[in-house]
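Have the viewer open as you read.

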Amino acid sequence: MAELIEGRIVETDPAAGLKLLQMGFGLRMENGVALHWLEAAYLAERKRLEVNDGAKTLGWQDLIAEPAADKKTKEKKTAEGKKPAAKKEKTDSSAPPHSASSSLPLAPPRSEQYLIYRTLRASGRLVRFSSGSPLLWRVYEKGVGREQERPQMLLSIVPPNWSATIESLERQLAVSRLLRLDLGMAFVRDGRPVMMKVSKPPI
């Protein structure tokens, strides 16, 4: 049984935590095994995990619901997007791949991120997340454990309406080359996850 502790989902039972790690979920912490909200939702949907927030038990739909603060921010940005276009300012080329200046206006809804994650896990692939770039996932080959091999791909999660630019693609390719990983893109269109590989000619 996992608990929501200071904004983190933590499995504090040692035996249950060990089993989660063996299944490729979570990260070992001092007070137990911390789960990403996507991992917790996936396990909760399959009745493999119960998450409690005090006296309340959270269902997988609760875990993928948009936080109130994020929802207000997205609604504000959507409203601003309907206003007449203002003069564009020069963007910072040093910004990280998913920053405000990378031509990526909004993160995909959590429900779409979950659909992509669920599809990957159901296919037998493990996924690891980065706190610094939460929309850049490290995806492993089918049947490969996280402690056995390197990830196969750096998967960038984008909204379907993202207008990619040469500059933004070059930045993401630079990150993937630095990590020595293939680069992929994933988004949801018409309720179905779409994934593609981005490659650069070896010249």
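The model is predicted, so to speak of local features pLDDT must be at least 70, side-chain atom pairs count only at pLDDT 80 or more, and totals for chains, interfaces and linings use all residues. Residues are numbered from 1 along each chain as its sequence is written, and side-chain values use heavy atoms, with hydrogens and water left out.

The side chains of Arg125 and Gln152 are joined by a polar contact of 2.8 Å. A polar atom of the Arg125 side chain also lies 3.2 Å from the backbone oxygen of Tyr140. Arg125 sits in the loop between α5 and β7 (127-128); helices (H or I, at least four residues) and strands (E, at least two) are DSSP runs, numbered from the N terminus. Leaving out residues up to four places away in sequence, Arg125 touches (heavy atoms within 4.5 Å) Leu120, Val139, Tyr140, Glu141, Lys142 and Gln152.

## The largest nonpolar core

A nonpolar core is a set of buried Ala, Val, Leu, Ile, Met, Phe, Trp, Tyr and Cys residues joined through side-chain atoms within 4.5 Å. Buried means under 20% relative accessible area, exposed over 50%, partly exposed in between (1.4 Å probe, protein chains only). The largest such core has 32 residues, and Trp137 and Leu155 touch the most other members. Two or more residues each come from α2 (37-45), α5 (110-122), β8 (136-139), β9 (153-157) and β10 (182-189), with the largest share, seven residues, from α2.

Among the residues that Trp137 touches, beyond four places away in sequence, are Leu38, Ile116, Phe129 and Leu155.

Why does Glu39 count as buried? Because its relative accessibility is 3%. A polar atom of the Glu39 side chain lies 2.9 Å from the backbone nitrogen of His36.

Definitions and conventions:
A polar contact is a pair of N or O atoms within 3.5 Å; within protein, one must be able to donate a hydrogen and the other to accept it, and residues adjacent in sequence count only if both atoms are side-chain atoms.
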